[in-house]
Amino acid sequence: MQKWQCNLGMERKAFTKKSTDHSDTGHFSFSFFCDRCDKEWVSEIKPFTGGECSNVSNDEALKLLWANEHRTAFDEANLDARLKFNHCQTCGKKVCDDCFCFGEVREDDVCVDCKGRQKCE
Ligand SMILES: [Zn+2]
Ligand SMILES: [Zn+2]
């Protein structure tokens, strides 16, 4: 399948440090990785709907539609990533549940590194 280049731009920053774009001309999908252990989480696959629009005949218009849907799909995936990963209050890392210790209060929520590599309860 053909791949379209897309520049997400600085304002489209992924929630985690590392993310991958699997999107192609037919669907949108993104991976996000835990900042600590690199565990991968793949966002829900969204189909590109602009392709079904019969009055879009030229490639440029289709590419614009795609870029629009791509941006929206990324924003949605990014929001989901916020729920999947935890934000360490100390170092700011976005980590998976395995790398996170939930404190009694939100301010005590830290990653395993900041907890001093102790095992979390
Ligand atoms: Zn992790
Ligand atoms: Zn931390």
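The largest nonpolar core of this predicted model comprises 17 residues, of which C34, F85, V95, C99 and C111 have the most contacts inside it. Such a core is a set of buried Ala, Val, Leu, Ile, Met, Phe, Trp, Tyr and Cys residues joined through C-beta atoms within 7 Å; a residue is buried if 20 or more other C-beta atoms, placed from the backbone, lie within 10 Å of its own. Two or more residues are given to this core by each of β3, α1 (59–84) and β9 (110–111), and the largest share, 4 residues, comes from α1. Helices (H or I, at least four residues) and strands (E, at least two) are DSSP runs numbered from the N terminus. Residues are numbered from 1 along each chain as its sequence is written. Local features need pLDDT of at least 70, side-chain atom pairs count only at pLDDT 80 or more, and totals for chains, interfaces and linings use all residues.

Within α1, W66, H70, A73, F74, A77 and A81 are buried. These buried residues pack against β2 (27–28), β3, β4 and β5 (46–47).

Strand β3 (residues 30–33) pairs with β1 (residues 18–21) in the antiparallel sense over 4 bridges, pairing requiring at least two bridges found by DSSP. F32 in β3 is the bridge partner of S19. An antiparallel pairing over 3 bridges also joins β3 to β4 (residues 40–42), where V42 is the bridge partner of S31. The hairpin formed by β3 and β4 has 6 residues between the strands, and D38 in the turn has a positive phi of about 70°.

How values were computed. Chains are lettered from A and ligands numbered from 1 in the order in which they are written. A residue is buried if 20 or more other C-beta atoms lie within 10 Å of its own, exposed if 12 or fewer, and partly exposed in between; C-beta atoms are placed from the backbone. Two residues are in contact if their C-beta atoms, placed from the backbone, lie within 7 Å.
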